[in-house]
Amino acid sequence: MKRRSTSTACLTLVGPLLAFLLPAAARSQAVESEPIEEIQVTATRRPVSANEVSAALTVVSTEEIARAKLLTDSLASKPGVFLQQTTPGQGAAIIRGLKGSEVLHLVDGMRLNNAIFRNAPTQYMALVAPGTLDRIEVVRGAPASLYGSDAVGGVVQALSRIPALDGSGHRGDAFVAFDTADLARILRGSVEFGDERYAALVGGEYLETGNRRVGGGARIAPSGYESKGGR
């Protein structure tokens with residue numbers, strides 16, 4: 001009787017365990033074979049699907065960045081982000097009320113600021129040319145365990161576009177704009193060329209803006225500037 005009850009108990013335990021493991025293995029194989037539509041790397045430091053991230057995350061697409069005069073302009077309407085801008089070229093992101101050294105700015109993982117910077121809106125992110133960027137990832141919260149005390153308010157990371165061509169050839173894009181409020185002129189373009197094994201990207205940008213015009217119509221001088229960038 002004891003042997004029979006022991007065998008019955010083993011079967012009772014092994015049966016549900018196999019029923020649980022086999023479908024799980026099948027599900028994992030199905031997930032691995034499915035392509036990831038949208039990935040992020042800022043919140044976890046490894047590529048995962050944006051739907052699997054527990055942090056408050058906003059991804060700014062290439063199209064939104066391309067329409068903006070400055071990189072920070074594309075963050076103006078994002079949840080949890082307030083854009084501070086006193087002059088045409090000094091846009092600064094304030095995330096959940098925190099700014100300056102409390103918000104980490106990255107470009108492809110390279111820091112533009114750190115914890116010893118002043119605790120005031122920093123304009124360095126606005127100096128990054130948006131012409132060859134793939135996306136911007138904004139983490140709202142406190143990912144200090146990944147990035148240190150200079151990320152207590154959040155992280156703003158700009159990720160560059162990686163050239164990739166299906167076959168031998170080339171492709172390019174151009175952007176021209178004129179801003180009547182600041183008398184700004186923008187010209188940017190990029191060209192990708194190569195093949196399936198090797199590819200390169202060459203891009204350039206020119207921005208010239210006049211003095212900022214306030215609500216009454218007067219212009220504040222000197223607030224205009226000129227910038228050039230290349231990659």
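Patches here are made of residues with over 30% relative accessible area and no salt bridge, with like charges joined within 9 Å and nonpolar side chains (Val, Leu, Ile, Met, Phe, Trp, Tyr) within 5 Å. A salt bridge is a side-chain nitrogen of Lys or Arg within 4 Å of a carboxyl oxygen of Asp or Glu. On that basis, Val191, Phe193 and Val202 make a nonpolar surface patch of about 240 Å². This is a predicted model: local features need pLDDT of at least 70, side-chain atom pairs count only at pLDDT 80 or more, and totals for chains, interfaces and linings use all residues. Residues are numbered from 1 along each chain as its sequence is written, and side-chain values use heavy atoms, with hydrogens and water left out.

**Overall make-up**

- The protein chain has three helices and 15 strands. Helices (H or I, at least four residues) and strands (E, at least two) are DSSP runs, numbered from the N terminus.
- Of its 231 residues, 35% count as buried. Buried means under 20% relative accessible area, exposed over 50%, and partly exposed in between (1.4 Å probe, protein chains only).
- Accessible areas come from the Shrake-Rupley method with a 1.4 Å probe; for residues, only the protein chains shown count as cover.
- Among contacts with a separation of 6 or more, 53% link residues 24 or more positions apart. Contact means heavy atoms within 4.5 Å.

**Nonpolar cores**

- A nonpolar core is a set of buried Ala, Val, Leu, Ile, Met, Phe, Trp, Tyr and Cys residues joined through side-chain atoms within 4.5 Å.
- The largest core has 16 residues; Leu71, Leu75, Ile136, Val138 and Val156 touch the most other members.
- Strands E5 (92-95), E6 (103-107), E8 (133-140) and E9 (154-160) each supply at least two residues of this core. E8 gives the most, with three residues.
- Leu75 touches Val60, Val81, Ala93, Ile136, Val138 and Val156, leaving aside residues up to four places away in sequence.
- A second, separate core holds 11 residues, including Ala43, Val48, Ala50 and Leu106.

**The five-stranded sheet**

- Five strands form an open sheet with mixed pairing, in the order E3-E8-E9-E6-E7. Two strands pair if DSSP finds at least two bridges between them.
- E3 (56-60) and E7 (110-111) stand at the edges, each with a single partner strand, so one side of each is left without a neighbour in the sheet.
- E3 and E8 run antiparallel, joined by five bridges. Thr58 stands opposite Val138 in E8.

**E11, E12 and E15**

- E11 (residues 184-194) and E12 run antiparallel, with 10 bridges between them. They form a hairpin, with four residues between the two strands.
- E12 also runs antiparallel to E15 (residues 225-230), through six bridges.
- Val202, a member of the surface patch, lies in E12 (residues 199-209). Val202 is partly exposed because its relative accessible area is 46%.

**Arg212**

- Arg212 lies in strand E13 (residues 212-213). At 15% relative accessibility, Arg212 counts as buried.
- Not counting residues up to four places away in sequence, Arg212 touches Gln85, Thr86, Thr87, Pro88, Asp182, Ala218, Arg219, Ile220 and Ser223.
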